[in-house]
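Biologist: Could you take me through this model, starting with how far it can be trusted?

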Amino acid sequence: MNAVPAKAVHGNERTHVERRVRDLLARRAVLPGVIESVDAEADLWELGMESLAMVGVMVAVEDEFGIEFPDELLTRETFRSLSVITDAVMSLTQEEDRP
Amino acid sequence: MTGDRESAAGACRELAKGVLAEHAAEVDRDARFPKEALRALRAHGLLAAAAPVERGGLGADVPALAGMAAALARGCGATAMIWAMHQVQLACLLACDEGAELREAVTRVVRDQLLIASATSEAGIGGALRTSACAVERDGASARLDKRATTVSYGVEADALLVSARRGPGSPPADQVAVLVDSARTQLEVLGGWNPLGMRGTCSPALRVRAEFEDWRILPVPFGDLVARVMTPLSHVLWSGVWYGLAAEAADRAVCHARARGDGAGPPSGSLAEMRWRLAGLEAQLDAAARETQDVLTGAAEPTVAFTLRVNSLKLAMSQVAVDVALAAMRVCGMAGYSEEGPHSVARLLRDLLSAPLMINNERLVAIGAQLALVARER
(Lines give C-alpha, C1' and ligand atoms only; values in the text may rest on other atoms or scores of the structure.)
Protein backbone atom coordinates (compact mmCIF):
# COMPACT_ATOMS: atom_id res chain seq x y z
CA MET A 1 0.00 0.00 0.00
CA ASN A 2 2.85 2.35 0.79
CA ALA A 3 3.94 2.34 -2.79
CA VAL A 4 0.60 3.57 -4.08
CA PRO A 5 0.11 7.34 -4.02
CA ALA A 6 -2.75 8.44 -1.76
CA LYS A 7 -4.50 10.08 -4.69
CA ALA A 8 -4.69 6.83 -6.60
CA VAL A 9 -6.13 4.99 -3.60
CA HIS A 10 -8.68 7.72 -3.31
CA GLY A 11 -9.42 7.53 -7.03
CA ASN A 12 -9.93 3.78 -6.93
CA GLU A 13 -12.13 3.97 -3.88
CA ARG A 14 -14.18 6.69 -5.48
CA THR A 15 -14.74 4.62 -8.61
CA HIS A 16 -15.72 1.69 -6.42
CA VAL A 17 -18.22 3.73 -4.38
CA GLU A 18 -19.67 5.28 -7.51
CA ARG A 19 -20.18 1.82 -9.02
CA ARG A 20 -21.94 0.62 -5.86
CA VAL A 21 -24.22 3.70 -5.94
CA ARG A 22 -25.01 3.10 -9.60
CA ASP A 23 -25.75 -0.59 -9.03
CA LEU A 24 -27.93 0.27 -6.08
CA LEU A 25 -30.02 2.73 -8.09
CA ALA A 26 -30.29 0.21 -10.91
CA ARG A 27 -31.50 -2.50 -8.49
CA ARG A 28 -34.11 -0.07 -7.18
CA ALA A 29 -35.25 0.61 -10.77
CA VAL A 30 -34.47 4.32 -10.56
CA LEU A 31 -34.39 5.56 -14.19
CA PRO A 32 -34.25 2.01 -15.58
CA GLY A 33 -32.40 1.67 -18.87
CA VAL A 34 -30.67 5.00 -18.23
CA ILE A 35 -28.95 4.74 -14.87
CA GLU A 36 -26.74 1.80 -15.90
CA SER A 37 -24.73 3.85 -18.37
CA VAL A 38 -25.46 7.49 -17.62
CA ASP A 39 -22.57 9.92 -17.12
CA ALA A 40 -21.76 10.32 -13.44
CA GLU A 41 -22.19 14.08 -13.73
CA ALA A 42 -25.58 13.91 -15.49
CA ASP A 43 -28.50 15.64 -13.77
CA LEU A 44 -30.78 12.84 -12.57
CA TRP A 45 -33.66 15.27 -12.07
CA GLU A 46 -33.48 16.35 -15.70
CA LEU A 47 -33.43 12.70 -16.67
CA GLY A 48 -36.78 12.34 -14.94
CA MET A 49 -36.05 11.09 -11.42
CA GLU A 50 -39.14 11.74 -9.30
CA SER A 51 -38.96 13.22 -5.84
CA LEU A 52 -40.49 10.25 -4.06
CA ALA A 53 -37.99 7.98 -5.78
CA MET A 54 -35.33 10.14 -4.15
CA VAL A 55 -36.58 9.14 -0.71
CA GLY A 56 -36.17 5.49 -1.65
CA VAL A 57 -32.64 6.23 -2.85
CA MET A 58 -31.80 7.96 0.42
CA VAL A 59 -32.95 4.98 2.47
CA ALA A 60 -31.15 2.50 0.21
CA VAL A 61 -27.86 4.43 0.22
CA GLU A 62 -27.94 4.75 4.01
CA ASP A 63 -28.54 1.03 4.39
CA GLU A 64 -25.98 0.01 1.76
CA PHE A 65 -23.13 2.06 3.23
CA GLY A 66 -24.21 1.97 6.88
CA ILE A 67 -24.29 5.75 7.09
CA GLU A 68 -26.81 8.34 8.17
CA PHE A 69 -27.20 11.56 6.19
CA PRO A 70 -27.46 14.59 8.43
CA ASP A 71 -30.51 16.73 7.68
CA GLU A 72 -28.51 19.38 5.83
CA LEU A 73 -27.50 16.78 3.22
CA LEU A 74 -31.05 15.52 2.69
CA THR A 75 -31.76 17.85 -0.21
CA ARG A 76 -32.37 17.63 -3.95
CA GLU A 77 -28.82 18.91 -4.49
CA THR A 78 -27.20 15.92 -2.75
CA PHE A 79 -29.06 13.53 -5.04
CA ARG A 80 -28.64 15.48 -8.27
CA SER A 81 -26.08 13.12 -9.86
CA LEU A 82 -24.21 9.88 -9.22
CA SER A 83 -21.11 11.97 -8.67
CA VAL A 84 -22.68 14.18 -5.98
CA ILE A 85 -24.17 11.17 -4.19
CA THR A 86 -20.74 9.53 -4.27
CA ASP A 87 -19.16 12.66 -2.78
CA ALA A 88 -21.69 12.66 0.04
CA VAL A 89 -21.20 8.95 0.76
CA MET A 90 -17.41 9.31 0.80
CA SER A 91 -17.46 12.31 3.10
CA LEU A 92 -19.69 10.43 5.54
CA THR A 93 -17.80 7.11 5.44
CA GLN A 94 -14.51 8.95 5.96
CA GLU A 95 -15.98 10.71 8.98
CA GLU A 96 -16.98 7.36 10.43
CA ASP A 97 -13.58 5.76 9.69
CA ARG A 98 -11.88 8.47 11.67
CA PRO A 99 -10.98 7.24 15.17
CA MET B 1 -39.09 49.37 6.51
CA THR B 2 -40.74 48.17 9.69
CA GLY B 3 -43.12 51.10 9.38
CA ASP B 4 -44.02 50.11 5.83
CA ARG B 5 -44.68 46.56 6.86
CA GLU B 6 -46.74 47.63 9.84
CA SER B 7 -48.77 49.92 7.62
CA ALA B 8 -49.20 47.09 5.07
CA ALA B 9 -50.60 44.85 7.79
CA GLY B 10 -52.78 47.71 8.99
CA ALA B 11 -54.02 48.31 5.44
CA CYS B 12 -54.98 44.62 5.19
CA ARG B 13 -56.96 44.82 8.42
CA GLU B 14 -58.76 47.99 7.29
CA LEU B 15 -59.52 46.63 3.81
CA ALA B 16 -60.80 43.39 5.33
CA LYS B 17 -63.29 45.27 7.48
CA GLY B 18 -64.17 47.58 4.59
CA VAL B 19 -64.32 46.67 0.93
CA LEU B 20 -63.62 42.92 1.38
CA ALA B 21 -66.36 42.38 3.96
CA GLU B 22 -68.75 44.60 2.03
CA HIS B 23 -68.68 42.42 -1.09
CA ALA B 24 -67.84 39.02 0.43
CA ALA B 25 -71.41 37.71 0.61
CA GLU B 26 -72.19 38.68 -2.98
CA VAL B 27 -68.87 37.33 -4.29
CA ASP B 28 -69.66 34.07 -2.51
CA ARG B 29 -73.29 33.87 -3.63
CA ASP B 30 -72.55 34.60 -7.29
CA ALA B 31 -69.18 32.75 -7.34
CA ARG B 32 -67.72 35.80 -9.00
CA PHE B 33 -64.26 37.35 -8.97
CA PRO B 34 -63.87 39.91 -6.14
CA LYS B 35 -62.94 42.74 -8.49
CA GLU B 36 -63.66 45.56 -6.01
CA ALA B 37 -61.36 43.96 -3.42
CA LEU B 38 -58.57 43.37 -5.95
CA ARG B 39 -58.83 46.97 -7.12
CA ALA B 40 -58.43 48.12 -3.51
CA LEU B 41 -55.46 45.77 -2.90
CA ARG B 42 -53.78 47.25 -5.99
CA ALA B 43 -54.47 50.80 -4.82
CA HIS B 44 -52.53 50.01 -1.63
CA GLY B 45 -49.64 48.37 -3.46
CA LEU B 46 -50.52 45.07 -1.81
CA LEU B 47 -50.27 42.91 -4.93
CA ALA B 48 -46.52 43.62 -4.89
CA ALA B 49 -46.20 42.83 -1.16
CA ALA B 50 -43.64 40.03 -1.58
CA ALA B 51 -41.37 41.99 -3.93
CA PRO B 52 -38.33 43.74 -2.46
CA VAL B 53 -38.53 47.48 -1.93
CA GLU B 54 -35.73 48.09 -4.45
CA ARG B 55 -37.82 46.32 -7.11
CA GLY B 56 -40.86 48.45 -6.29
CA GLY B 57 -42.60 46.13 -3.85
CA LEU B 58 -43.39 46.33 -0.14
CA GLY B 59 -40.54 44.03 0.90
CA ALA B 60 -42.72 41.95 3.21
CA ASP B 61 -40.98 38.84 4.55
CA VAL B 62 -42.78 35.50 4.90
CA PRO B 63 -44.00 35.98 8.50
CA ALA B 64 -45.37 39.40 7.49
CA LEU B 65 -47.05 37.92 4.40
CA ALA B 66 -48.66 35.19 6.52
CA GLY B 67 -50.03 37.87 8.86
CA MET B 68 -51.41 39.82 5.91
CA ALA B 69 -53.10 36.69 4.51
CA ALA B 70 -54.77 36.09 7.89
CA ALA B 71 -55.90 39.72 8.14
CA LEU B 72 -57.43 39.69 4.65
CA ALA B 73 -59.21 36.37 5.27
CA ARG B 74 -61.24 37.91 8.06
CA GLY B 75 -63.02 40.01 5.44
CA CYS B 76 -63.21 37.65 2.46
CA GLY B 77 -61.62 34.22 2.26
CA ALA B 78 -61.65 34.12 -1.53
CA THR B 79 -59.91 37.49 -1.86
CA ALA B 80 -57.31 36.45 0.70
CA MET B 81 -56.67 33.17 -1.15
CA ILE B 82 -56.31 34.92 -4.50
CA TRP B 83 -53.87 37.38 -2.92
CA ALA B 84 -51.92 34.52 -1.27
CA MET B 85 -51.68 32.48 -4.49
CA HIS B 86 -50.56 35.55 -6.40
CA GLN B 87 -47.79 36.23 -3.84
CA VAL B 88 -46.53 32.67 -4.36
CA GLN B 89 -46.35 33.12 -8.14
CA LEU B 90 -44.63 36.48 -7.65
CA ALA B 91 -42.07 34.94 -5.29
CA CYS B 92 -41.37 32.18 -7.84
CA LEU B 93 -40.69 34.79 -10.51
CA LEU B 94 -38.47 36.85 -8.22
CA ALA B 95 -36.49 33.75 -7.27
CA CYS B 96 -35.25 33.18 -10.81
CA ASP B 97 -35.56 36.26 -12.99
CA GLU B 98 -32.16 35.98 -14.64
CA GLY B 99 -31.71 37.39 -18.11
CA ALA B 100 -32.56 40.93 -19.20
CA GLU B 101 -35.91 40.19 -20.83
CA LEU B 102 -37.32 38.05 -18.05
CA ARG B 103 -36.10 40.52 -15.46
CA GLU B 104 -37.82 43.35 -17.29
CA ALA B 105 -41.03 41.34 -17.47
CA VAL B 106 -40.92 40.66 -13.72
CA THR B 107 -40.20 44.32 -13.03
CA ARG B 108 -43.33 45.13 -15.02
CA VAL B 109 -45.33 42.58 -13.00
CA VAL B 110 -44.25 44.33 -9.80
CA ARG B 111 -44.58 47.89 -11.05
CA ASP B 112 -48.02 47.45 -12.65
CA GLN B 113 -49.12 44.93 -9.98
CA LEU B 114 -50.12 42.45 -12.66
CA LEU B 115 -52.11 39.50 -11.33
CA ILE B 116 -50.40 36.13 -11.86
CA ALA B 117 -52.30 32.83 -11.80
CA SER B 118 -50.80 29.35 -11.93
CA ALA B 119 -51.68 26.37 -14.10
CA THR B 120 -49.89 23.44 -12.48
CA SER B 121 -52.68 20.86 -12.35
CA GLU B 122 -53.38 18.75 -15.42
CA ALA B 123 -56.06 16.44 -16.76
CA GLY B 124 -55.10 12.81 -16.17
CA ILE B 125 -52.58 13.84 -13.50
CA GLY B 126 -54.65 16.03 -11.20
CA GLY B 127 -52.86 18.04 -8.58
CA ALA B 128 -49.57 16.09 -8.54
CA LEU B 129 -47.59 19.09 -9.62
CA ARG B 130 -44.24 17.32 -10.05
CA THR B 131 -45.28 15.58 -13.24
CA SER B 132 -46.62 16.98 -16.49
CA ALA B 133 -48.02 15.44 -19.65
CA CYS B 134 -48.05 18.54 -21.84
CA ALA B 135 -44.72 19.71 -23.22
CA VAL B 136 -43.10 22.85 -24.54
CA GLU B 137 -42.92 22.48 -28.31
CA ARG B 138 -40.52 24.49 -30.42
CA ASP B 139 -41.25 25.90 -33.81
CA GLY B 140 -38.27 27.86 -35.05
CA ALA B 141 -37.75 30.89 -32.81
CA SER B 142 -40.99 30.61 -30.90
CA ALA B 143 -42.30 28.00 -28.50
CA ARG B 144 -45.78 26.95 -27.55
CA LEU B 145 -47.73 24.76 -25.19
CA ASP B 146 -51.24 23.38 -24.96
CA LYS B 147 -52.33 22.34 -21.48
CA ARG B 148 -55.62 21.11 -20.06
CA ALA B 149 -55.44 22.22 -16.45
CA THR B 150 -58.05 20.86 -14.04
CA THR B 151 -58.15 23.83 -11.66
CA VAL B 152 -56.86 27.30 -12.43
CA SER B 153 -57.80 29.85 -9.80
CA TYR B 154 -58.69 33.30 -11.22
CA GLY B 155 -57.03 32.20 -14.48
CA VAL B 156 -59.48 34.11 -16.64
CA GLU B 157 -58.94 37.30 -14.62
CA ALA B 158 -55.15 37.08 -14.49
CA ASP B 159 -52.74 39.23 -16.51
CA ALA B 160 -50.27 36.35 -16.84
CA LEU B 161 -50.01 32.69 -15.92
CA LEU B 162 -47.20 30.51 -14.68
CA VAL B 163 -47.66 27.19 -16.47
CA SER B 164 -45.76 23.97 -15.77
CA ALA B 165 -44.91 21.64 -18.65
CA ARG B 166 -42.35 19.05 -19.67
CA ARG B 167 -39.17 20.67 -20.98
CA GLY B 168 -39.74 19.19 -24.42
CA PRO B 169 -41.76 16.51 -26.25
CA GLY B 170 -39.03 13.92 -25.51
CA SER B 171 -38.68 14.78 -21.81
CA PRO B 172 -39.81 12.44 -19.04
CA PRO B 173 -42.88 13.56 -17.01
CA ALA B 174 -40.77 14.83 -14.09
CA ASP B 175 -38.40 16.99 -16.17
CA GLN B 176 -40.48 20.13 -16.03
CA VAL B 177 -40.10 23.83 -16.62
CA ALA B 178 -42.33 26.75 -15.64
CA VAL B 179 -43.33 29.24 -18.32
CA LEU B 180 -44.54 32.79 -17.69
CA VAL B 181 -47.18 33.28 -20.36
CA ASP B 182 -48.84 36.58 -21.11
CA SER B 183 -52.65 36.40 -21.01
CA ALA B 184 -52.88 38.69 -24.04
CA ARG B 185 -51.10 36.06 -26.15
CA THR B 186 -52.81 33.07 -24.58
CA GLN B 187 -56.05 31.38 -25.52
CA LEU B 188 -58.02 30.32 -22.47
CA GLU B 189 -60.95 27.99 -22.88
CA VAL B 190 -63.12 27.31 -19.82
CA LEU B 191 -63.72 23.56 -19.85
CA GLY B 192 -66.11 23.14 -16.96
CA GLY B 193 -68.43 24.94 -14.60
CA TRP B 194 -67.56 26.50 -11.26
CA ASN B 195 -70.14 25.96 -8.54
CA PRO B 196 -68.28 24.66 -5.48
CA LEU B 197 -69.10 24.60 -1.77
CA GLY B 198 -66.72 27.36 -0.73
CA MET B 199 -63.91 29.69 -1.83
CA ARG B 200 -66.34 30.49 -4.62
CA GLY B 201 -64.81 33.86 -5.45
CA THR B 202 -61.51 32.27 -6.45
CA CYS B 203 -63.19 31.26 -9.75
CA SER B 204 -61.14 28.10 -10.31
CA PRO B 205 -62.61 26.07 -13.19
CA ALA B 206 -60.79 23.70 -15.52
CA LEU B 207 -59.06 25.58 -18.32
CA ARG B 208 -57.39 24.74 -21.58
CA VAL B 209 -54.34 26.99 -21.90
CA ARG B 210 -52.86 27.50 -25.36
CA ALA B 211 -49.92 29.87 -25.46
CA GLU B 212 -47.14 31.01 -27.74
CA PHE B 213 -44.08 32.57 -26.22
CA GLU B 214 -40.44 33.46 -26.61
CA ASP B 215 -37.72 31.23 -25.14
CA TRP B 216 -36.85 33.68 -22.37
CA ARG B 217 -40.31 33.16 -20.85
CA ILE B 218 -39.22 29.67 -19.77
CA LEU B 219 -37.91 30.20 -16.24
CA PRO B 220 -34.22 29.29 -15.99
CA VAL B 221 -34.65 27.24 -12.79
CA PRO B 222 -36.02 23.68 -13.21
CA PHE B 223 -39.62 23.53 -12.00
CA GLY B 224 -38.82 20.81 -9.43
CA ASP B 225 -36.26 23.05 -7.72
CA LEU B 226 -38.67 25.98 -7.77
CA VAL B 227 -41.37 23.80 -6.22
CA ALA B 228 -39.10 22.53 -3.43
CA ARG B 229 -37.57 25.90 -2.61
CA VAL B 230 -40.42 28.39 -3.15
CA MET B 231 -43.76 27.14 -4.41
CA THR B 232 -44.61 24.38 -1.92
CA PRO B 233 -43.33 25.96 1.30
CA LEU B 234 -44.68 29.42 0.54
CA SER B 235 -48.05 28.03 -0.62
CA HIS B 236 -48.45 26.01 2.54
CA VAL B 237 -47.51 28.95 4.76
CA LEU B 238 -49.65 31.56 3.01
CA TRP B 239 -52.65 29.27 2.53
CA SER B 240 -52.30 28.42 6.22
CA GLY B 241 -52.32 32.15 6.97
CA VAL B 242 -55.65 32.44 5.14
CA TRP B 243 -57.13 29.45 6.99
CA TYR B 244 -55.87 30.74 10.31
CA GLY B 245 -57.58 34.09 9.63
CA LEU B 246 -60.87 32.35 8.76
CA ALA B 247 -60.72 30.21 11.91
CA ALA B 248 -59.81 33.19 14.11
CA GLU B 249 -62.71 35.13 12.62
CA ALA B 250 -65.06 32.23 13.38
CA ALA B 251 -63.81 32.11 16.98
CA ASP B 252 -64.32 35.87 17.36
CA ARG B 253 -67.88 35.61 16.08
CA ALA B 254 -68.55 32.86 18.62
CA VAL B 255 -67.27 35.13 21.38
CA CYS B 256 -69.50 37.97 20.15
CA HIS B 257 -72.46 35.62 20.14
CA ALA B 258 -71.73 34.37 23.66
CA ARG B 259 -71.35 37.91 24.97
CA ALA B 260 -74.56 39.05 23.29
CA ARG B 261 -76.46 36.27 25.03
CA GLY B 262 -75.27 37.63 28.36
CA ASP B 263 -75.16 36.04 31.81
CA GLY B 264 -78.72 34.80 31.59
CA ALA B 265 -77.63 32.00 29.27
CA GLY B 266 -75.45 30.39 31.94
CA PRO B 267 -71.65 30.00 31.98
CA PRO B 268 -69.86 30.45 28.63
CA SER B 269 -69.40 27.38 26.45
CA GLY B 270 -66.21 25.39 26.95
CA SER B 271 -65.83 25.55 23.17
CA LEU B 272 -64.69 29.16 23.58
CA ALA B 273 -61.65 27.95 25.51
CA GLU B 274 -61.07 25.02 23.16
CA MET B 275 -60.98 27.33 20.15
CA ARG B 276 -58.36 29.49 21.84
CA TRP B 277 -55.95 26.70 22.65
CA ARG B 278 -56.34 25.24 19.20
CA LEU B 279 -55.68 28.65 17.62
CA ALA B 280 -52.67 29.25 19.88
CA GLY B 281 -51.09 26.01 18.71
CA LEU B 282 -51.79 26.81 15.07
CA GLU B 283 -50.41 30.31 15.41
CA ALA B 284 -47.14 29.03 16.86
CA GLN B 285 -46.78 26.37 14.17
CA LEU B 286 -47.56 28.91 11.44
CA ASP B 287 -45.05 31.39 12.78
CA ALA B 288 -42.27 28.80 13.05
CA ALA B 289 -42.87 27.53 9.51
CA ALA B 290 -43.04 31.09 8.16
CA ARG B 291 -39.65 31.95 9.68
CA GLU B 292 -38.09 28.78 8.36
CA THR B 293 -39.53 29.40 4.90
CA GLN B 294 -38.12 32.92 4.96
CA ASP B 295 -34.65 31.44 5.59
CA VAL B 296 -35.06 29.02 2.69
CA LEU B 297 -36.21 31.83 0.37
CA THR B 298 -33.19 33.96 1.24
CA GLY B 299 -30.82 30.99 0.90
CA ALA B 300 -29.90 31.05 4.59
CA ALA B 301 -31.29 27.50 4.90
CA GLU B 302 -31.78 24.57 2.52
CA PRO B 303 -35.11 22.90 1.75
CA THR B 304 -34.20 19.62 3.41
CA VAL B 305 -36.45 16.60 3.89
CA ALA B 306 -37.15 17.61 7.49
CA PHE B 307 -38.07 21.14 6.37
CA THR B 308 -40.42 19.80 3.70
CA LEU B 309 -42.01 17.50 6.25
CA ARG B 310 -42.54 20.40 8.65
CA VAL B 311 -44.22 22.69 6.09
CA ASN B 312 -46.36 19.78 4.89
CA SER B 313 -47.24 19.13 8.53
CA LEU B 314 -48.28 22.76 8.93
CA LYS B 315 -50.62 22.39 5.97
CA LEU B 316 -52.10 19.15 7.34
CA ALA B 317 -52.57 20.51 10.85
CA MET B 318 -53.92 23.90 9.83
CA SER B 319 -56.35 22.53 7.24
CA GLN B 320 -57.84 20.09 9.73
CA VAL B 321 -57.77 22.04 12.97
CA ALA B 322 -59.05 25.28 11.40
CA VAL B 323 -62.13 23.31 10.30
CA ASP B 324 -62.52 22.00 13.86
CA VAL B 325 -62.35 25.55 15.21
CA ALA B 326 -65.01 26.76 12.78
CA LEU B 327 -67.25 23.81 13.71
CA ALA B 328 -66.82 24.63 17.39
CA ALA B 329 -67.70 28.26 16.63
CA MET B 330 -70.82 27.11 14.86
CA ARG B 331 -71.86 25.01 17.87
CA VAL B 332 -71.48 28.07 20.09
CA CYS B 333 -73.45 30.28 17.73
CA GLY B 334 -76.15 27.72 17.03
CA MET B 335 -78.66 28.69 14.36
CA ALA B 336 -77.13 32.19 14.21
CA GLY B 337 -73.90 30.52 13.13
CA TYR B 338 -75.58 28.16 10.70
CA SER B 339 -77.32 31.06 9.00
CA GLU B 340 -75.66 32.58 5.92
CA GLU B 341 -76.57 36.03 7.21
CA GLY B 342 -76.12 38.08 10.34
CA PRO B 343 -73.12 39.14 12.45
CA HIS B 344 -72.74 35.68 14.06
CA SER B 345 -72.86 33.67 10.82
CA VAL B 346 -70.07 31.09 10.57
CA ALA B 347 -71.50 29.42 7.44
CA ARG B 348 -69.32 30.99 4.75
CA LEU B 349 -66.19 30.76 6.91
CA LEU B 350 -66.80 27.06 7.38
CA ARG B 351 -67.58 26.42 3.71
CA ASP B 352 -64.43 28.26 2.70
CA LEU B 353 -62.39 26.27 5.22
CA LEU B 354 -63.70 22.95 3.94
CA SER B 355 -61.62 23.49 0.80
CA ALA B 356 -58.44 23.48 2.91
CA PRO B 357 -57.97 19.71 3.20
CA LEU B 358 -58.43 19.41 -0.59
CA MET B 359 -55.94 22.01 -1.79
CA ILE B 360 -53.14 19.52 -2.44
CA ASN B 361 -55.23 16.75 -1.00
CA ASN B 362 -54.36 15.80 2.56
CA GLU B 363 -54.50 12.12 1.64
CA ARG B 364 -51.67 12.64 -0.84
CA LEU B 365 -49.72 14.79 1.65
CA VAL B 366 -50.03 12.09 4.30
CA ALA B 367 -48.76 9.47 1.85
CA ILE B 368 -45.78 11.69 0.94
CA GLY B 369 -45.19 12.49 4.60
CA ALA B 370 -45.02 8.80 5.45
CA GLN B 371 -42.24 8.36 2.86
CA LEU B 372 -40.34 11.44 4.01
CA ALA B 373 -40.59 10.33 7.63
CA LEU B 374 -38.45 7.29 6.78
CA VAL B 375 -35.42 9.52 6.33
CA ALA B 376 -36.22 12.82 8.04
CA ARG B 377 -33.92 13.74 10.90
CA GLU B 378 -35.70 15.58 13.65
CA ARG B 379 -33.91 18.42 15.39
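Modeller: pLDDT is the predictor's confidence in each residue, on a scale from 0 to 100. Chain A averages a pLDDT of 87, and 86% of the residues score at least 70. This is a predicted model, in which local features need pLDDT of at least 70, side-chain atom pairs count only at pLDDT 80 or more, and totals for chains, interfaces and linings use all residues. Residues are numbered from 1 along each chain as its sequence is written, while chains are lettered from A and ligands numbered from 1 in the order in which they are written.

Biologist: Which elements of chain A have the lowest and the highest mean pLDDT?

Modeller: The lowest mean, 84, belongs to helix H1 (residues 6-27) of chain A, and the highest, 90, to helix H2 (residues 51-65) of chain A. Helices here are DSSP runs (H or I, at least four residues), numbered from the N terminus.

Biologist: How many residues does each chain give to the contact?

Modeller: Chain A gives 17 residues and chain B gives 20 residues. Two residues are in contact if their C-beta atoms, placed from the backbone, lie within 7 Å.

Biologist: Changing topic, what is the domain assignment of chain B?

Modeller: It consists of domain 1 (2-111), domain 2 (116-217) and domain 3 (223-375); such bounds come from an automatic or database domain assignment. The centres of domain 1 and domain 2 of chain B, taken over C-alpha atoms, are separated by 22 Å. Their contact takes 23 residues from domain 1 of chain B and 17 residues from domain 2 of chain B.

Biologist: Which element gives the most to the domain 1 side?

Modeller: H4(B) does, with 11 residues on the side of domain 1 of chain B that touches domain 2 of chain B.

Biologist: How do the axes of H4(B) and H6(B) cross?

Modeller: The axes of H4(B) and helix H6 (residues 223-261) of chain B come within 9 Å and cross at roughly 160 degrees. Axes are lines fitted to C-alpha atoms, for helices over the stretch in contact, and angles run from 0 to 180 degrees between N-to-C directions.

Key
Helix = DSSP H or I, 4+ residues; strand = E, 2+ residues; numbered from the N terminus.
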